[in-house]
Amino acid sequence: MGLTLYPNAANGQTAVRLRWLREFAKTVDPAMTTADVVTQLVVPGTISEHCRYIEILDPKDVGPPDFFISHRWGSKFETICTALFEHLSEEKDDDTVCVWLDIFAINQHPGQEQADDLGDLQEVIKRAKATLLVMDGSGQVLRRVWCLFEIWKTVHYKTVEGLIVVARGVDLMGLKDIFLKLNVAEAQATVEADRLKILSDIKATTGIEAMNQFIRQALVESARKEVQRLAPLKATSNRYFAALDKAGQMMTLAGMYSEAEPILMECLQLCEERYGEAHAQTASVLNNIAGLLRYQGKLKEAEPHQKRALKISEDVSGDSPKTATYLGNLAQLLQAQGKLAAAEPLLVRALKIPKLSTGRDTLDTATVLNALASLYMEMNRPNDALPLYKRALSAVQMVLSPQDPELAVYLANLASVLQDTEEFDEAEDLQRQAVTLCERNLGHEHPMTASCLSNLAEMMGNRGLMADAEELARDALTIRVKVLGEEHPSTANSYNNVAGLLMEQERYDEAEPLMRKALVYTERSLGAWHPLTANRQHNLATLLDETGQDEEAIKMYSKAMTTRDKKLGPDHPDTLGSASSLAGVYLKTGRWLDSLQLYRRCVAAHRLHVKTGGGNAAREALLANMTELAMALHKTGHHDEALQNVEEAMKLATSLRGPESEEMTMFADMKESLQSHVKTAQVAAPRVGGRRSTSSLMPQRSYGRMASMAVKPNTAMQPVPPTGSGDSQRLMSFTSRRAL
């Protein structure tokens with residue numbers, strides 16, 4: 001006996017009632033994806049008639065569509081249903097609400113009827129009250145061309161108010177890289193012909209890049225509108241809290257930090273009122289707030305929120321994967337403030353979390369390994385970093401496809417440490433592999449490809465191949481201008497990098513306008529008080545210093561130092577770098593007492609860094625500043641103290657590079673000159689600034705001034721953060737399990 005067919009589709013009854021969906025979901029194995037439901041239930045259930053599933057349902061179980069459901073077939077069917085049931089829990093009742101799901105409404109047997117159903121998709125979107133976009137934890141819904149098409153048509157017909165993002169249990173902040181690098185041209189479809197047709201339609205109308213920006217804006221605006229719509233229910237509805245949390249995260253992803261901050265703060269207040277101050281949900285909101293503050297460069301303000309999130313997670317769930325995430329985020333925050341010794345034990349502990357310390361390394365383990373290795377690189381411990389980078393790469397190679405662009409992150413990071421250990425050929429080979437991987441799978445004009453090219457350019461520059469380095473850096477700049485826009489932070493980073501290479505070649509006239517662009521665009525996008533803005537100010541000041549524009553150099557170094565002092569702290573290496581460089585200009589221009597004050601501060605701070613485990617980087621910085629302090633002391637008549645500094649510097653230089661190093665001759669000459677001045681100081685006559693003046697018997701540039709964050713940042717791959725430079729740090733974000 002054949003199936004009984006009902007004319008539901010012909011009557012416009014193409015959606016299933018929520019009541020029926022609840023009962024159907026109970027029959028589905030929780031492990032089944034939506035694709036499994038189609039192949040194991042829908043297709044076999046309709047094979048005899050080659051019909052739509054809705055046509056075998058009793059008319060009482062179907063109706064006209066209230067909500068169009070946009071989702072990914074690769075997601076667990078149970079997860080999608082649970083998200084829908086929770087979201088629609090306050091909608092009338094289950095018997096009146098109807099949801100349109102493609103697996104039931106579209107004929108799943110290839111043929112003309114299926115083609116017609118797909119062609120009618122826009123009409124269904126028009127008829128429905130709204131589209132519910134069901135996000136999945138990996139964010140892959142934003143990489144499916146049909147889902148992006150459905151977002152596009154929903155907003156086109158209904159404005160952003162017709163689009164609702166359903167993100168039950170999804171850490172949207174963890175999807176930042178997918179959101180930022182959203183590219184319709186790279187979106188996938190099960191049927192290639194579908195993908196090509198949709199892309200052709202988009203190219204002929206909106207255009208690919210305009211569509212990418214359109215969808216990002218639509219997602220953010222839909223979240224904002226949902227908050228406004230649910231505001232009258234804030235006292236009674238959990239949906240308002242969920243909408244608030246979602247909007248805050250979406251705005252953070254979009255770089256709308258000033259708008260996101262009060263929303264997330266309100267979300268925290270509601271969360272504490274409803275769930276308590278020690279609830280896992282409260283910890284999640286605190287973690288998001290800490291991330292938002294970090295993106296704004298408010299590192300000191302972010303730290304207590306991140307610590308509180310970690311403490312709650314430890315109390316609620318012990319050494320759980322979530323605790324490992326918060327440990328990593330706190331370590332990243334401390335590292336950004338220069339608290340390297342404090343960051344290390346957090347990452348070591350994260351690696352010991354049971355789920356991360358099993359016999360087989362996972363992607364989560366690789367993320368922590370990569371972060372710890374990056375920390376060791378900043379601590380000038382490449383030998384400790386190397387095995388961790390190798391292990392991280394091995395782990396992802398076991399899990400990911402050889403064509404997965406995420407591998408480029410790990411290839412490039414391993415290349416960076418090999419470069420530092422002077423294994424240049426192997427490092428270059430890995431870096432070129434990363435470029436090839438991105439170009440083959442993402443295309444040449446992609447932000448990730450630009451990051452790889454930028455890294456390779458930095459490597460070529462370090463090898464003295466300046467023409468090759470400049471060509472690669474300019475290529476990365478061209479891509480970023482075209483794909484991300486002229487004023488994107490990563491584009492500003494490319495301007496900074498090209499300018500740095502030009503400065504290395506003493507082509508200052510060409511470098512200056514690019515460096516000024518880097519500063520203007522960084523300040524415009526991130527704000528005047530962001531640490532990266534201070535980096536650009538410092539780098540421009542370095543150029544001005546080199547070209548004799550001393551007064552403007554002083555202003556720029558002062559701005560950089562003030563911002564870093566406020567955002568990073570007075571003893572952060574970057575803050576001290578700006579202070580040291582400013583002292584150098586003061587010394588050069590005869591403002592010796594100002595110079596002396598700053599150098600004393602730098603030496604005292606670097607001595608502390610050496611004592612607290614700063615490694616060779618701290619010792620090198622101490623050596624540089626002690627040498628310059630000796631010059632400032634000499635200029636102000638403090639010959640005895642200057643001599644003591646030189647003698648201590650000689651011991652430090654010997655321990656770092658041996659007794660036969662080149663600078664030992666320079667130190668010997670300085671020591672001899674100062675000894676002569678000490679002997680004759682008491683009979684010297686003229687005074688300057690309250691102390692006896694002396695002629696300069698010391699080398700004027702005794703040791704290169706330490707620059708905080710080089711003009712060409714230390715480049716190793718990481719996913720481009722909303723506020724990051726694009727390729728200036730090795731540390732990968734812990735807010736996402738995956739890198740891309």
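What percentage of the 740 residues in the chain is buried? Buried residues make up 57%, where buried means under 20% relative accessible area with a 1.4 Å probe, protein chains only.

Some ground rules. This is a predicted model, in which local features need pLDDT of at least 70, side-chain atom pairs count only at pLDDT 80 or more, and totals for chains, interfaces and linings use all residues. Residues are numbered from 1 along each chain as its sequence is written, and side-chain values use heavy atoms, with hydrogens and water left out.

The chain has 31 helices and eight strands, taken as DSSP runs: H or I of at least four residues for helices, E of at least two for strands. Of the contacts (heavy atoms within 4.5 Å) with a separation of 6 or more, 71% are between residues 24 or more positions apart.

Now helix H2, residues 34-46. Its buried residues include Thr34, Val37, Val38, Val42 and Thr46. Their cover includes helix H1 (18-26), helix H3 (77-87) and helix H4 (102-105).

Next, one helix pair. The axes, lines fitted to C-alpha atoms over the stretch in contact, of H20 (residues 424-442) and H21 (residues 447-462) come within 9 Å and cross at roughly 160 degrees. H20 is therefore roughly antiparallel to H21, the term for angles over 145 degrees. Residues of H20 in the contact include Ala427, Val435 and Leu442, and those of H21 include Met448, Leu453 and Met460. By class, the contact has 11 nonpolar, three polar and three charged residues. Here Ala, Val, Leu, Ile, Met, Phe, Trp, Tyr, Cys and Pro count as nonpolar, Asp, Glu, Lys and Arg as charged, and the others, Gly among them, as polar.

How values were computed. Axes are lines fitted to C-alpha atoms, for helices over the stretch in contact, and angles run from 0 to 180 degrees between N-to-C directions. Angles under 35 degrees count as roughly parallel, over 145 as roughly antiparallel, 65 to 115 as roughly perpendicular and the rest as oblique. Buried means under 20% relative accessible area, exposed over 50%, partly exposed in between (1.4 Å probe, protein chains only).
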